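Reader: I would like a close look at one part of this model. Please keep it brisk.

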There are 2 protein chains.
Amino acid sequence: MRDAEATRRRVLDAATAEFAARGIAGARVDRIAAAARSNKAQMYAYFGSKEGLFDAVLTLHLGRILDAAPLTADDLPGYAVRIYDAHLANPGFVRLAGWARLERTGTGELFEDAEGHAAKTAAIAEAQEHGLIDPSLTPEDVLQTVIALAMTWSPISATYTASAAEPDDVHEHRRQLLRRLVARLVTAPDASS
Amino acid sequence: MRDAEATRRRVLDAATAEFAARGIAGARVDRIAAAARSNKAQMYAYFGSKEGLFDAVLTLHLGRILDAAPLTADDLPGYAVRIYDAHLANPGFVRLAGWARLERTGTGELFEDAEGHAAKTAAIAEAQEHGLIDPSLTPEDVLQTVIALAMTWSPISATYTASAAEPDDVHEHRRQLLRRLVARLVTAPDASS
């Protein structure tokens, strides 16, 4: 049993590297099997198919990002900074999400997580009732735009993608900027007066 | 000559569809040739290589987006709305940019257009001098975050991707939202008092 679990982990690690680099169509299952010291038969027994393996990898990393950057509706600037840092530490996740968008889910919601989504919009609605977020925005609008802003320098940025190799002061500049801009975004202009 | 130009256009159209759908590695040059009623030899004579053809397609659509949504530093909310509408009308461009990011340019600037970039940051700096944009932000920060916000529902959105098939009132809601939020973003909170 311990061996099976160890193999499963090795497959997920190897599949993460392969899918993040090459996407779904470009990934080679036999390359993953070789890197994980597994074989195709064993991998298909665990994950069903290449698509099933991709789903397992995407879900694994989505969970890691949600753990690293949980929604804090009473502190959206802090939430945005945690998203920035989580993606900097785990750029593979946004790459996986990018491949999923380009190869699979062209329009609509990228992640089908109805329960998690409802919990997030409810938390934002509650923060709006407590006067912490502009109540004229929908919770959906708040969530989507704050995430978009936090992902300004993400691995799928259309302008500039950050890297962990950049100097600390560059990252710190972006964190401070995110704090200020997210606070502006979710606060009605006349709320400060 | 007119025939050559017509063939070149057919190749670019066919290549746009193929690259937007499948990316660089996934695109098949013979499928593009067949769709364009051309052949590989002719295509390589025009574009040099598959990469060269991708570059030509990306440059073509970048030009179209820049024409449809020119930077108006004195009206950044309007700029953001035009970016939203341009991507809705031409979702292929953001898909091409997404493939370029995932398959080619992992970090740093996605588009190397030093001249265009310098003109944009200069225009923003001028608007800052005229009191139209918070002078405590760098022109770079303004450009990157406004574009990120305008691309909240883009074809590489990690949350929700818009589609032209959605009802008009949904698009109008997002346009109005962008106007308000971009205005907040680039205005210092105490500037309105």
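Which residues in H4(A) meet which residues in H6(A)?

Author: First, the ground rules. This is a predicted model, where local features need pLDDT of at least 70, side-chain atom pairs count only at pLDDT 80 or more, and totals for chains, interfaces and linings use all residues. Residues are numbered from 1 along each chain as its sequence is written, chains are lettered from A and ligands numbered from 1 in the order in which they are written, and side-chain values use heavy atoms, with hydrogens and water left out.

Now the helix pair. H4 spans residues 50-68 of chain A, and H6 spans residues 91-103 of chain A. Helices here are DSSP runs (H or I, at least four residues), numbered from the N terminus. The two pack at an angle of about 135°, with their axes 10 Å apart. Axes are lines fitted to C-alpha atoms over the stretch in contact, and angles run from 0 to 180 degrees between N-to-C directions. That angle makes H4(A) oblique to H6(A). Angles under 35 degrees count as roughly parallel, over 145 as roughly antiparallel, 65 to 115 as roughly perpendicular, and the rest as oblique.

As for your residues, H4(A) brings Phe54(A), Val57(A), Leu58(A), His61(A), Leu62(A) and Ile65(A). They meet Phe93(A), Leu96(A), Ala97(A) and Ala100(A) in H6(A). Contact means heavy atoms within 4.5 Å. By class, this contact has nine nonpolar residues, one polar and no charged ones. Ala, Val, Leu, Ile, Met, Phe, Trp, Tyr, Cys and Pro count as nonpolar, Asp, Glu, Lys and Arg as charged, and the others, Gly among them, as polar.

Chain A also meets chain B. The contact takes 46 residues from chain B and 46 residues from chain A.
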